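Please look over the sequence and the model shown here, and then read the short report that follows.

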Amino acid sequence: MRPFIKQNERRIYIVMEYCDGGDLSKFIKKRKQLPESICQRFLQQLALALKYLRDHNVCHMDLKPENLLLVRRPYLKLKLGDFGFAQYLSNTEYKFAIRGSPLYMAPEILLENKYDARIDLWSVGVIMYECLFGKAPYSSNSYKELEEKIKERRAIEIPKMPPISRECKNLLSSLLKHDLEARISFDDFFSNTFLDLEHAPSRESYQKGLKLAQEAVKKDCEKKPQEAFHLYCEALKYFIPLLINDSDPHRKEAMRLHVYDYISRAEKLKLQFKDKENSQEKKEITQQVEETECVPMTSSTKESSSPINISPGSNFHKLRILSKSTPNMADALDIGEIAVQYLSEGNYIRALEKFQSSLSVLVKMLNREPPGHRRDLLHEQVQYWMQTAESTKVLLSTRNMESVQRAADCYNEHCIIQ
């Protein structure tokens, strides 16, 4: 909301939006530490504000919790204020004057007296740290003590308690890099998976989710369970944030019913395509083993290998046989199979852990694998498991949806500073 300005002969009146939730600094102090889900929500909103600033080459230069205001209605929302230090600053320009608040000030401002727009990213990291752990990483009793910590480039350790997710920790670490060149870029920050700006609640989110859901229903009717499963999960990525943040009770209840229908159908399809895959594997495995073991992989066969067009199950077993000469690949494929088993049992946490463990090895091996049939099979398997891992994240988030929504409702209804 833009300020409304009116004046008469004697006075100038500025009417601004009323932020009834106080500022983030008081909000944190009252609650000591914020749950990761609430921190993620605030950070996502702050990132959207920063993206708007960067699109207009504006650097805020004084990001801190006191300048982040909270609005209670229609849902808990963060607003960026106090642009007293803000300047036009493109990604290639540098400034030399010291400005900002020392506790949230990027090290290069004090150490080098030369900085660019990335100072805002350091400040975001400090704010994120304070939200999660209740204090800034360089909290000090005096300015002199703070200055010494900054000049010594004292390492910032991320506390083990409360525990935070790997994605959250990776983003926090990448923001709090003393070396400007090692710090995350704005482009990488805005595309970070923890922030997930792509699925942030917006006017376009519902239409994107609806289009994916309609495509999922179409694939479902065409008896393509695997494709339908992934499309339902992709649709849920848009619908769940909308559901949590919607303030209209009637619209929220209608969306909740649709979301639960999509979750239920995705769960059933997950089991359906798994059973179908297992059945086909049993019929084809003997033939695949014989063919692969009897036909040597010569250079001519590699060059003439056609696009893969048979089921993922049979391709996987071909890959398993071809991986026998590479123990690390065989072990990673075993871990991936365990992930699939956990997924079929509904143990999404363990499934996601195993998928991540398997893919961390397979992706590196894929980058080193020479062109040929085995590389084609490995590439297909990696792509498939990456997609399945993403769908597993969605199913896991649906399990946590009610608790996240209750926490959000608690902060909206009862936890706002008076």
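## A cis peptide bond in a loop

P162 sits in the loop that links helix α5 (143-151) to helix α6 (166-175), where helices (H or I, at least four residues) and strands (E, at least two) are DSSP runs numbered from the N terminus. The peptide bond leading from M161 into P162 is cis, with omega near -5 degrees.

This is a predicted model, in which local features need pLDDT of at least 70 and side-chain atom pairs count only at pLDDT 80 or more, while totals for chains, interfaces and linings use all residues. Residues are numbered from 1 along each chain as its sequence is written, and side-chain values use heavy atoms, with hydrogens and water left out.

## Strands

Strands β4 (residues 68-71) and β5 pair in the antiparallel sense over four bridges, pairing being assigned if DSSP finds at least two bridges between two strands. Within this pair V71 stands opposite K77 of β5. Strand β5 (residues 77-80) has L78 and L80 on its covered face, whereas K77 and K79 are on the uncovered one.

C59, a residue of strand β3 (residues 58-59), is buried at a relative accessible area of 0%; buried means under 20% relative accessible area, exposed over 50%, and partly exposed in between (1.4 Å probe, protein chains only). C59 and I119 are 60 residues apart in sequence, and their C-alpha atoms are 8.5 Å apart in space.

## Positive phi values

D196, in the loop between α7 (186-190) and α8 (203-221), is a residue other than glycine with a positive phi, near 50 degrees, and it counts as partly exposed at 29% relative accessibility.

K223 is found in the loop between α8 and α9 (225-245) and has a positive phi of about 60 degrees although it is not a glycine. With 64% relative accessibility, K223 counts as exposed.
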